[in-house]
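Let's take a walk through this structure, one contact at a time. Keep the sequence and the 3D view open as we go.

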Amino acid sequence: MLDVRRMQVLRSVVACGSVTAAAARLGYTPSAVSQQVAALEKEAGAELLERVGRGVRPTAAGLLLTEYADTIGRQVAEAETALADLLAGRTGRLSVRYFATAGASLVAPAVARLRADHPGVQVELRLTDPEDPLPDVLEGRADLALVVGERAGGDGVRLLHLLDDPYLAVLPRGHRLAARRSVALTELAEEPWVGSEWPGPCLDAQLHACEAAGFRPRFVVESEDYVTAQGFVAAGLGVSLIPRLGLGGRHPDVVVRPVRRPEPVRSIHAAVRETAPPQPALEAFIGALREAAGQGLSGGSGRRKSAAPHRRR
């Protein structure tokens, strides 16, 4: 096999026209350069240089290897540049899993910010509702997933808290509590409920709050969809709880009120693999998600705790 470094020595000799001049450029002794060329000739099975006066010129075989050495040199330089861009976060590819209500409020502005600041980074987005995206993160098929709740188990996933998204009471426009500025959760205990969540951490956030208030809701409709749930509420079939991020479009025949004592809240996290190597592009995207979460909070879309990373419990 041809030694690539020796080919670069040959390239310098041909460019300089002599072994002595190439040695001066490379910082070697003329003897070391001659030895490198001799070793390359042995590998190639052909003479690569011939003497011309006080200098040398390439043979046909030497010219061929010099041209390939030029190509290899350019490719190595391109590889070094590409690697530097990747390590600096200027390029790269991210695979992201997200759920629907986080898409418009968090993922879309985060991707837009990443494109503006790091246009060379490509982001692959995949909606996961109602599937659990954590296996994709654990097995390396995804770099990041947005999830709800601090799920149990030390399984190698690190959760970065982004924001708390409170649930709001959605009532028919003519409901007895519609004129209130806020609603105590216990005031909904005897109401028929319209379900708005799939079984999982989002529904658990509602049920845990109701349990803390001393009751279990009586679901009369299971919609598992925020828009559909509002339609059932508007028709007078019951009341519902919908997270603030899920109320981007409101039905004209419902009213929405904050819930107190207690306030149901779902916590939204970015999940990453603990053993993943550092990725500047991923760190930039996490920063963009945090910025989007902060902007959403300033617009009244939720509450945020410290964004410091913590292990799953």
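Start at R176, which is exposed, with a relative accessible area of 56%; for burial, "buried" means under 20% relative accessible area, "exposed" over 50%, and "partly exposed" in between, with a 1.4 Å probe and protein chains only. Before going further, note that this is a predicted model, where local features need pLDDT of at least 70, side-chain atom pairs count only at pLDDT 80 or more, and totals for chains, interfaces and linings use all residues. Residues are numbered from 1 along each chain as its sequence is written, and side-chain values use heavy atoms, with hydrogens and water left out.

R176 has a partner in E191: the two form a salt bridge, with the closest N and O atoms 3.0 Å apart. A salt bridge here is a side-chain nitrogen of Lys or Arg within 4 Å of a carboxyl oxygen of Asp or Glu. Helices (H or I, at least four residues) and strands (E, at least two) are DSSP runs, numbered from the N terminus. While R176 is exposed, E191 counts as buried because its relative accessibility is 12%.

R266 and D165 meet through their side chains in a salt bridge, 3.0 Å from N to O. This one links distant parts of the chain too: R266 sits in strand β12 (residues 265-273) and D165 in strand β6 (residues 157-172), 101 residues apart. R266 has 1% relative accessibility, so it counts as buried, and D165 is buried at 0%.

How many salt bridges does a search of the whole structure find? It finds 14. One of them joins E139 and R141, whose closest N and O atoms are 2.2 Å apart. E139 is exposed, at 52% relative accessible area, whereas R141 is partly exposed, at 42%. Both belong to a network of salt bridges that links R97, E124, D136, E139 and R141.

Let's turn to the aromatics. A search of the whole structure turns up 2 aromatic pairs; rings of Phe, Tyr and Trp (its six-membered ring) pair if their centres lie within 6.5 Å, and planes under 30 degrees apart count as stacked, over 60 as edge-to-face and the rest as tilted. W193 and F219 make an edge-to-face pair, 6.0 Å centre to centre with 80° between the planes. W193 lies in strand β8 (residues 192-195) and F219 in strand β9 (residues 218-222), so the pair ties together parts that are 26 residues apart in sequence. W193 is buried, with a relative accessible area of 1%, but F219 is partly exposed, at 26%.

Next stop, P201, in helix α7 (residues 201-212). With 33% relative accessibility, P201 counts as partly exposed. Look across to G149: P201 and G149 are 52 residues apart in sequence, yet 6.1 Å apart in space, C-alpha to C-alpha.

We'll finish with L87, which is found in helix α4 (residues 60-87) and counts as exposed at 57% relative accessibility.
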